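Let's walk through this structure together, starting with its aromatic rings and ending with a few individual residues. Keep the 3D view open as you read.

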Amino acid sequence: MSKKEWPLWEVFIRGQHGLNHRHVGSLHAPDAEMAINHARDVYTRRKEGVSIWVVPSAQITASAPSEKGALFDPAESKVYRHPTFYDIPDEVGHM
Amino acid sequence: MVALDLDRQTLFDWLLRLGDNALILGHRTSEWCGHGPVLEEDIALANTALDLIGHCQMWYTLAAEIEGKARTADNLAYLRDAIQFKNVKLVELPNGDMGQTIMREFLFDAFHFELLTALTGSTDPKVAEIAAKAVKEVAYQLDRSSDLVVRLGDGTEESHRRMQAALDYLWPYVGEMFVADATDDALAEAGIAPRLAEIQTKWEAIVTDTLEEATLTRPDRRPDVHTGGKQGRHTEHLGYILAEMQFLQRAYPGAEW
Amino acid sequence: MYAQMITSEKSSDDPELLAAFQARIDRGERIEPKEWMPEGYRKTLIRQIGQHAHSEIVGQLPEGNWITRAPTLERKQILLAKVQDEAGHGLYLYSACETLGISRDELFDRLHSGAMKYSSIFNYPTLTWADMGAVGWLVDGAAIMNQVPLQRTSYGPYARAMVRICKEESFHQRQGYTIMMKMAQGTPEQKAMAQDALNRFWYPSLMMFGPSDKDSVHSAQNMAWKIKINTNDELRQRFVNETVPQARYLGLEVPDENLTWNEDKQGWDFSEPDWSEFFAVLKGDGPCNEERLGARRKAWDDGEWFRDGLTAYAEKQAARRKAHAAE
């Protein structure tokens, strides 16, 4: 096992026509530049025109649990390629 | 067999070189899926493989159109034997460790990127169109592979040793990318493709800078020891690659998948 | 599904706190990281989410097996994209698990040592291209059946990971089913291959839902905590009901001579899988246990120099920047 684990980063993405950066998840990387590259590969599958922020998870300050309200929204738009040319006949039912 | 117009045959062969490089390198890269050193890298390598396979489809489709014998991209990928493949030997070499894989990719990416950039100005609009689509992805591939070469070269003693070993092993294969033959000359004369010597100059600049930053030593050996891939004379590795890749189509001729 | 053989870890927590916590769950509230939770809840989630994550990455292997042999360029791309997604799913789940106070490296360590498990379906071999169809259709189908309700699980990060995964999973099942369709409607050899794949993957897919409820231990606490939403038998029945018509559409035979429509329950009566096989595979005697875990250990060990090299470079760069700034 590696003695030194890569730190955890939180990833925020603003889509090409988006208004804000949204939290999409986290990943491990040895530094900020690689975190950006990994984020591009993992969370955008290299789509163009997206803006990526990465922050070391340890740097995030969260509100106290007694305050209600989700800190992180569920990811809204899919960022992975979805071949949608599958023709599933209606008789087969929902898939 | 009706002999094609020489220009068409030449263009066809040249397009196969582009498609075959993309397919074979994409195929090799895809071997890592599920076996990468870290999850994020597994995903990144798969992206690279997907990009390259996408490129080969574009080149093969155009090649088949030029050939005019109603072959499809799949026919070209799955029904030619090694002697008909025109990729450079560099891309068919085994993955080895991640060092060998990344170094191989970097050395090819630097060439591929410069070539595609030049091709966006091709006198053939279809070639220019494909190049324009592909070059963005290859720019990212080069960014990534060169960055990893630097990081691993200037990492630990062991990562440095492995990158140097990879460089030493692969160096004698890089020259082939720039050895121009009659096909390359004809394409350059037609303005469809650049002179390989120009691409080589640009490649040299990228490679020199990157190796220096990576604290790696440029091998003191001829880079063009191993050639012939573009003419269909390959290493022993390609036969095995194709046997695996083409098995289903060969075992079940005519079946649809 | 990933919680096979998970016993709810016992909690020695304050009964008042436990009651308040349960009340939150009963109200449908989400539990978020850093909020108070019983130690048993935390430990159970670590095991379930962790094993779910391990299942994703081990799950890359049976299909990854066929990427280099995919029979067309399009199938090659699709399979590669699917297997890549599995890595992505693993990543989301490991991230969710890390919010519970365990690192990804520790989770890998427990996987490699055998202390944590993965879904036993992945200990079966993929022997033909038709298996790519069967795995996508049946294995992903079963996974979807389990994952859709988990979008309502009580732990926030887990639920959100499920939402993201469910969006992608439909593509996975469809690509498998279209492979089966192509083959079932293809040459006689292809059809035979498809039938053979169904024969080999049918019962192992049923096993994915875990032992029969009557033999399933300790689910009650997990259900109360909404870590588990449906019982094993409920999900298995739902899966059979959905899948049988799909098999019939393909013109393939489900390998169960006792399969009969039950008008009263509006569902199919079917044969239980061989549970002794299930427990044997779980214990380590499946066809591919050694290969699967071996591949993961090898990837990890072989990759150590790579990870360490990149860490070293990052540290050097940080030091250089500091030194430069100090000048």
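## Aromatic rings and charges

Rings of Phe, Tyr and Trp (its six-membered ring) pair if their centres lie within 6.5 Å. With that in hand, look at chain B in this predicted model: ring pairs join F108(B), F111(B), W171(B), F178(B) and W203(B) into a cluster. Counting over all chains, the structure has 20 aromatic pairs. A pair of aromatic rings is described by the distance of the centres and the angle of the planes.

R80(B) lies over the face of F85(B), 4.1 Å from the ring centre. In chain C, R69(C) lies over the face of W66(C), and here the distance to the ring centre is 3.6 Å.

## The largest nonpolar core

Which residues touch the most other members of the largest nonpolar core? They are M103(B) and L107(B), in a core of 200 residues. Helix α2 of chain B, residues 39–67, supplies the largest share of this core, with 15 residues.

Setting aside residues up to four places away in sequence, L107(B) touches L90(B), L167(B), L170(B), W171(B), V174(B), M177(B), W203(B) and V207(B). Among these contacts of L107(B) are W171(B) and W203(B), and both of those tryptophans also belong to the ring cluster described above.

## Chain A: overall layout

Chain A contains one helix and three strands, and from the N terminus on these elements follow the order β-β-α-β. Of the 95 residues in chain A, 41% are buried. The chain exposes about 5500 Å², and carbon and sulfur atoms supply 53% of that area.

Sequence separation tells you something about the contacts here too. Among contacts in chain A with a separation of 6 or more, 48% are between residues 24 or more positions apart.

## Chain A: the strands

Strand β1(A), residues 8–14, pairs with both of the other strands described here. It runs antiparallel to β2(A), residues 22–28, with six bridges joining the two; one bridge partner in this pairing is L27(A), which sits across from W9(A). β1(A) also pairs with β3(A), residues 51–56, again in the antiparallel sense and over six bridges. In that pairing, I13(A) stands opposite I52(A).

How much of each strand is covered? Five of the seven residues of β1(A) are buried, making the strand mostly covered. For β2(A), six of the seven residues are buried, so the strand is largely enclosed by the rest of the structure. In a regular strand the side chains alternate between the two faces of the sheet.

Now pick out N37(A), which is in helix α1 of chain A, residues 32–43. Is N37(A) buried or exposed? Its relative accessibility is 17%, so N37(A) counts as buried, the cut-off being under 20%. Beyond its neighbours within four places in sequence, N37(A) is in contact with Y140(B) and D147(B). Within chain A, N37(A) and W6(A) are 31 residues apart in sequence and 14 Å apart in space, C-alpha to C-alpha.

Leaving aside neighbours within four places in sequence, A314(C) is in contact with P30(A) and D31(A).

Definitions and conventions: Residues numbered from 1 in each chain as written. Chains lettered and ligands numbered in written order. Predicted model: local features only at pLDDT ≥ 70, side-chain atom pairs only at ≥ 80, totals over all residues. Heavy atoms only, no water. Core = buried A, V, L, I, M, F, W, Y, C linked by side-chain atoms within 4.5 Å. Buried < 20%, exposed > 50% of the residue type's maximum accessible area, 1.4 Å probe, protein only. Helix = DSSP H or I, 4+ residues; strand = E, 2+ residues; numbered from the N terminus. Contact = heavy atoms within 4.5 Å. Areas by Shrake-Rupley, 256 points an atom, 1.4 Å probe, with all protein chains shown as cover. Pairing = 2+ DSSP bridges. Phe/Tyr/Trp six-rings, centres within 6.5 Å; stacked < 30°, edge-to-face > 60°. Lys NZ or Arg CZ within 6 Å of the ring centre and 35° of its normal.
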